[in-house]
Every structure is written in C-alpha cells, then in structure tokens.
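Let's take a friendly walk through one model, starting with a turn and ending with a bond. Keep the structure in view as you read.

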Amino acid sequence: QVQLVESGGGLVQAGGSLRLSCAASGRTFSNYYMGWLRQVPGKEQEFVAAINWSGGSTSYADSVKGRFTISRDNAKNTLYLQMNSLKAEDTAVYYCAAKPRIFVDRDWAYWGQGTQVTVSS
C-alpha cells in the first residue's frame, strides 16, 4: 500500500500560479501510475492529469491543457502539478491518486487527503 500526502494548495488570484506536491511513502514510487483529480462540493470528481511511471507519458483534461504540467521525481518519491494561468473555475479540492502501473486501466487505488485550491477572480 502507498500513502499519499498533498501540499501546496492555497488562495491565489486569477492569472496566478501554484505548485502542488504529493509525497508518497510505503512502496516503490516508480511502480505506480500517478494522477491528479479535483472536486468541487456538489459536483462529480474531475480528472486533471496523469503521468506514467517514468514521467515519459502524460495526459491532461482539455480544461487544463497548456496551463498545467504534471511531473514526478522518483528519487524523491514526489508527484507535482504546476498550475499556471489559474482561473476561478480551477477552484476545487485537488487530490493525488495512484494505482499500480500494471493496472493502469483500473480505477485509482490510493488517494491523498486533498488540498484546497481557491482562485479569486
């Protein structure tokens, strides 16, 4: 089992930037496919971005493409989400998620506790 702890959320003005981090522990980090998802109260959870075990393959939701960058540092057991040109509609709780890389087609298996991102317009 892998434990995930997010950090880096906060309040930022529209057009600003934030960098989220997700520290992983418990198992070999590079064995996991990693992602970021977000949720606004009362709405369904939304996929944001994902990255494969090596960092060589990434995917993004259309709503964040060109503004957000997902990356990972396997030596530091850490996942990142660089968020630029933030918009009010990016306001949400952001969750780090993981699943074994051999089960990339399955649902996310592990979740962090979430970090709040609030973008003021």
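## A hairpin and its turn

In the hairpin made by E7 and E8, four residues sit between the strands, and asparagine 77 takes a positive phi near 55°. Strands here are DSSP runs labelled E, at least two residues long, while helices are H or I runs of at least four, and both are numbered from the N terminus.

E7 covers residues 68-73 and E8 covers residues 78-83; the two run antiparallel and are joined by six bridges. Two strands count as a pair if DSSP finds at least two bridges between them. Across this pairing, phenylalanine 68 stands opposite methionine 83 in E8.

## Two faces of E7

Phe68, Ile70 and Arg72 make up the covered face of E7. The uncovered face holds Thr69, Ser71 and Asp73.

## The disulfide

How many disulfides are there? The count is one, where a disulfide means a pair of cysteine sulfur atoms within 2.5 Å. Cysteine 22 and cysteine 96 form the bond, with their sulfur atoms 2.1 Å apart. This pair ties together distant parts of the chain, 74 residues apart: cysteine 22 lies in strand E3 (residues 18-25) and cysteine 96 in strand E9 (residues 92-100).

The torsion about the S-S bond is about -70°, so the disulfide is left-handed. Cysteine 22 is buried, with a relative accessible area of 0%, and cysteine 96 is buried with a value of 0% too. Buried means under 20% relative accessible area, exposed over 50%, and partly exposed in between, using a 1.4 Å probe and protein chains only.

## About the model

This is a predicted model, in which local features need pLDDT of at least 70 and side-chain atom pairs count only at pLDDT 80 or more, while totals for chains, interfaces and linings use all residues. Residues are numbered from 1 along each chain as its sequence is written, and side-chain values use heavy atoms, leaving out hydrogens and water.
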